[in-house]
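User: Got a model up on my screen and want a quick tour. Can you take my questions as they come?

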Amino acid sequence: MSQERTLPKFDTTTVQITRDEGLVLYEDMMLGRLFEDKCAEMYYRGKMFGFVHLYNGQEAISTGVIKSMRPGEDFVCSTYRDHVHALSAGVPAKEVLAELFGKATGCSKGRGGSMHMFSAEHRLLGGYAFVAEGIPVAAGAAFQSKYRREVLGDKNADQVTACFFGDGAANNGQFFETLNMAALWNLPIIFVVENNKWAIGMAHERATSQPEIYKKASVFNMVGVEVDGMDILAVRAVATEAVARARAGEGPTLIEALTYRFRGHSLADPDEMRSKQEKEFWFSRDPIKKFAAYLVEQNLASSEELKDIDHQVQQVIDEAVKFAESSPEPSPSELHRFVFAEDE
């Protein structure tokens, strides 16, 4: 079973986190959770179509990594499970939901939908429908940062790129080829494997000869780290270190975050492959509930304050729904726009 792999321990007594930092992390995770819950509701009400892959349960990874980076400066490359990565990167919830509704006000002008979130403003390099498709794209972004700094002499070009992908992608050729290049060229990139145990309906342990993905970093002489992806403090700690190393020119890191998706592969998945026992094991490790308890125990926030944040986040999402529903459809006259690059 998926829970047989021992989750790495993290000593929370070594953590130094302020009240403000804690509330930012909590709010971002709650935004991701409630946003995805609303997506499920809207999907079943017929407001959005196609495949929609939700992120419930994996919020500590998006928040822990992306909030350790520079907003609007560093790059984020996602997967087809990209809504929450977009939110953590700063894309307004109303623009993400409008994109899901196929509206012209969406972050991809209504042309991308659920699997193709993109925002140049927020350095979100896109969601990608094909498994492992975004890995070489992320390496390209990291390469241009290094090239501009070392060849063109731009001392401000110290951006770091975070590349997210699932456990299934770690068996694809792009993974091996790109990690090799990133190590050879010492690129400022963090490869984040969101190992949620299942590649659609295929259990991770059945699909790979080495289930411990982080150990594959050693083949490329790269730092490899295993972390409990259900623990925001643990993810934040390893991400902060990896970002610092990349920005200092010390090369890439492969982070394997052990996590679990609380819903099926997509909203069209009846989710009958996974056992009730397995689900209950992981549900008990809910990263948001775990972090909320930590904040209260450490006197960084009260239960009432956290409930207020929940309410505020829900208001943001409700406003996003109104915005998306009232936004215009893309005009047929612009059918051929954005096919090729154009001047603003």
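This is a predicted model: local features need pLDDT of at least 70, side-chain atom pairs count only at pLDDT 80 or more; totals for chains, interfaces and linings use all residues.

User: Fine. How many salt bridges does a search of the whole structure find?

Analyst: The search finds 23.

User: Which residue forms a salt bridge with Arg-285?

Analyst: Asp-228 does, with the closest N and O atoms 2.4 Å apart. The pair links distant parts of the chain. Asp-228 is in strand E6 (residues 223–228), and Arg-285 is in the loop between helix H9 (276–283) and H10. They are 57 residues apart.

User: Is Asp-228 buried or exposed?

Analyst: Buried, because its relative accessibility is 3%. Arg-285 counts as partly exposed, at 22%.

User: And what does Lys-290 form a salt bridge with?

Analyst: Asp-228 again; the closest N and O atoms of Lys-290 and Asp-228 are 3.8 Å apart. That pair also links distant parts of the chain, from helix H10 to strand E6, 62 residues apart. Lys-290 is partly exposed, with a relative accessible area of 36%.

User: Which residues end up in one network?

Analyst: Asp-228, Asp-231, Arg-285 and Lys-290, joined by salt bridges that share partners.

User: What about Arg-45, which residue does it pair with in a salt bridge?

Analyst: Glu-41, with the closest N and O atoms 3.2 Å apart. Glu-41 is partly exposed, at 34% relative accessible area.

User: Back to H10. At what angle do H1 and H10 pack?

Analyst: About 155°, with the axes 10 Å apart. H1 is therefore roughly antiparallel to H10. Their crossing is left-handed. For your selections, H1 covers residues 19–44 and H10 covers 287–297.

User: Switching to H2. How many of its eight residues are buried?

Analyst: Eight of the eight, so helix H2 (residues 59–66) is largely enclosed by the rest of the structure. The buried residues are Glu-59, Ala-60, Ile-61, Ser-62, Thr-63, Gly-64, Val-65 and Ile-66.

User: How far apart in space are Ile-61 and Val-193?

Analyst: 9.6 Å, C-alpha to C-alpha, although they are 132 residues apart in sequence. Val-193 is in strand E3. Val-193 is buried, with 0% relative accessible area.

User: Now the surface. Which residues make the nonpolar patch?

Analyst: Phe-143, Tyr-147, Val-151, Leu-152, Met-181, Leu-184 and Trp-185. The patch is about 710 Å².

User: Which helices each supply at least two of its residues?

Analyst: H5 (134–150) and H6 (173–184).

User: Where is Trp-185?

Analyst: In the loop between H6 and strand E3 (189–195). Trp-185 counts as partly exposed because its relative accessibility is 41%.

User: Last one, Lys-322. Where does it lie?

Analyst: In helix H11 (residues 303–326). Lys-322 counts as exposed, at 60% relative accessibility. The C-alpha atoms of Lys-322 and Gly-201 are separated by 35 Å. Those two residues are 121 residues apart along the chain.

Terms used
Residues are numbered from 1 along each chain as its sequence is written. Side-chain values use heavy atoms; hydrogens and water are left out. Patches are made of residues with over 30% relative accessible area and no salt bridge: like charges are joined within 9 Å, nonpolar side chains (Val, Leu, Ile, Met, Phe, Trp, Tyr) within 5 Å. Accessible areas come from the Shrake-Rupley method with a 1.4 Å probe; for residues, only the protein chains shown count as cover. A salt bridge is a side-chain nitrogen of Lys or Arg within 4 Å of a carboxyl oxygen of Asp or Glu. Helices (H or I, at least four residues) and strands (E, at least two) are DSSP runs, numbered from the N terminus. Buried means under 20% relative accessible area, exposed over 50%, partly exposed in between (1.4 Å probe, protein chains only). Axes are lines fitted to C-alpha atoms, for helices over the stretch in contact, and angles run from 0 to 180 degrees between N-to-C directions. Angles under 35 degrees count as roughly parallel, over 145 as roughly antiparallel, 65 to 115 as roughly perpendicular and the rest as oblique. A crossing is left-handed if the near helix is turned anticlockwise from the far one by less than a right angle, and right-handed if clockwise.
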